[in-house]
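Trainee: I'd like a close look at one part of this model, and then a walk through the contacts elsewhere that are worth checking. Take your time and keep it connected.

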Amino acid sequence: HSDTCSRLPEGTRVLAENLDGIPVALEWCPGFQGIQFHPEVSHTKEGKAILANFLRLAVNPAKFRIASFKDHLIDRVRSQVGSRKVVCGVSGGVDSSVLAALLHESQVDTRNIFVDNGLLRKGEARQVEAQFRSIGIKIETIDASARFLEALAGVTDPEEKRRRIGRLFVQVFFDAVGKDVDMLAQGTLYPDVIESATSGSIASTIKTHHNRVDRIMELKAEGRVIEPLDELFKDEVRALGRTLGLSDEVVGRHPFPGPGLAVRCPGEITPDKLEIIREADAIFIGQLREQGWYDHVWQAYAGLIPVKTVGVKGDERSYEYAVTLRAVISEDAMTADWVRLPYDLLAEVSNRILNEVRGVNRVLYDISTKPPASIEWE
C-alpha cells in the first residue's frame, strides 16, 4: 500500500524484510513487535499462523461463535430500534438477505423495499421476489429501471456513474418511504467500512456509491441508521445467515455490487449493452452451476469490454463487442485471486456466448489478481 518505514527510531531493530529490502517486521522496547502487512488476507502465506501465534500470548483469549454472536446482534438491534419502525433496502444479495432475516428474527417492525434499477442480471427481479416469499419476508418492489437508464444516458466516467446511481437510488427509495422512516437499516460489512474510509486516504475513493448521500448522512448524524453487520466479513455473514435459517442457495450466492451491471459495462450504458452482459452472464453462471464450480468460486460474472473487434461470422466479417469472463476466489474481498477453471468449461462457455449472444465475436478470460486489479471492472 506504498507505506514504507524509511527511518528507524532509536532502539528499534528490523526483524524481517521483503525481497526488496523493505522492513516488514520491527521490534522496539523489548517485548513489542509489529508487522507492516496484512496477516489476515488470503495472499499472505502463513498469515493465519502469525495470528494464531499472537493469540497464544493471550490468557484465555475470547472464542468467536457465530451462534452466540447472533444473539448479541439481536439484542443490539432491539436496543437500537425499540418501538420505532425500520426501513430496509433489500437486493436479494447475501448481505441484505441476512440483514432482513436478522431484523425479522429480532421481531422489530420492518418495511423491506426492493428497487429494480434496471441494472440487474437476467430474471433477477423475479428471483428476488420469490426468494423472500420462500422465507416468509414481505417486500415491496419498485420498478425504476427507466429512470436509472435515463439518468445514465451518455455518462462514461465510472465515478460519475456510481454517484448518479447512488443519488437516484436514495431518491427513489425515500420517495417510496415518504415520511415513514424512523430508522434506516443498512447491510454495511466491515470491508465496506474500510473501503469507505473518510480520512482522506486513497481508500476513500474506492466505494463512492457507499454511504455518500446527504439524506443518509443526515439520518446517521441523528442516530437513526443501524448497521448490525458492520463488524463482519462476508464469510461471517454467510455463517450468520445459516444460523438464521437461510438456505445455502441464498447465503452461498455470489456477491453482486450495489451499482449492478453498471460496474461491468465500462463506457456509456445502453439497453443493448446490458442485454449482452445479461445473456453472457447467464450462460457463464449456468455452466458454473452445471459443472459443479459455482460453490468453489467467490464471485464470477461476464462483463463487456467497451471496444469492438473484427471477427468472422458465416462468410462475412463482423465488427462486434468482446466479452470478458471473471472468476475469483477470496475470503474477505480485500484481496482476490483468479480461479483456474478447466479449459473445457471455458471452451463451452465461450462457444455458447459466441453462438447465442448477438453482438459478440470475442470472449476473454481475466487472470488478474486483486491488487492491483479490482474484482469488478469499474
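**A strand and its partners**

Mentor: Strand 9 (residues 299-313) and strand 10 run antiparallel and are joined by 13 bridges. Before we go on, this is a predicted model, where local features need pLDDT of at least 70 and side-chain atom pairs count only at pLDDT 80 or more, while totals for chains, interfaces and linings use all residues. Residues are numbered from 1 along each chain as its sequence is written, and side-chain values use heavy atoms, with hydrogens and water left out.

Now, the words I'm using. Helices (H or I, at least four residues) and strands (E, at least two) are DSSP runs numbered from the N terminus. Two strands count as paired if DSSP finds at least two bridges between them.

Stay with strand 10 for a moment. Strand 10 (residues 316-329) is largely enclosed by the rest of the structure, because 10 of its 14 residues are buried. Buried means under 20% relative accessible area, exposed means over 50%, and partly exposed is in between (1.4 Å probe, protein chains only).

Next, the charged pairs. A salt bridge here is a side-chain nitrogen of Lys or Arg within 4 Å of a carboxyl oxygen of Asp or Glu, and the whole structure has 17 of them. One of them joins the side chains of Arg13 and Glu27, 2.7 Å from N to O. That pair links distant parts of the chain, with Arg13 in strand 1 (residues 13-17) and Glu27 in strand 2 (residues 23-28), 14 residues apart.

Lys234 and Asp95 make another salt bridge, with their closest N and O atoms 2.8 Å apart. Lys234 lies in helix 9 (residues 234-243) and Asp95 in helix 3 (residues 94-106), so this pair ties together parts 139 residues apart in sequence. Lys234 is buried, at 10% relative accessible area, and Asp95 is buried too, at 17%.

Then go to Arg121, which forms a salt bridge with Glu124, again with 2.8 Å between the closest N and O atoms. Both of those residues are buried, and together with Arg253 they're linked in a network of salt bridges.

Last stop, Gln131, in helix 4 (residues 124-134). Gln131 is buried, at 13% relative accessible area. Leaving aside neighbours within four places in sequence, Gln131 is in contact (heavy atoms within 4.5 Å) with Gly92, Ser97 and Val250. The Gln131 side chain reaches the backbone oxygen of Gly92 at 3.4 Å. That falls under polar contacts: N or O atoms within 3.5 Å where, within protein, one must be able to donate a hydrogen and the other to accept it, and residues adjacent in sequence count only if both atoms are side-chain atoms. Also check Glu249: its C-alpha is 9.5 Å from that of Gln131, although the two are 118 residues apart along the chain.
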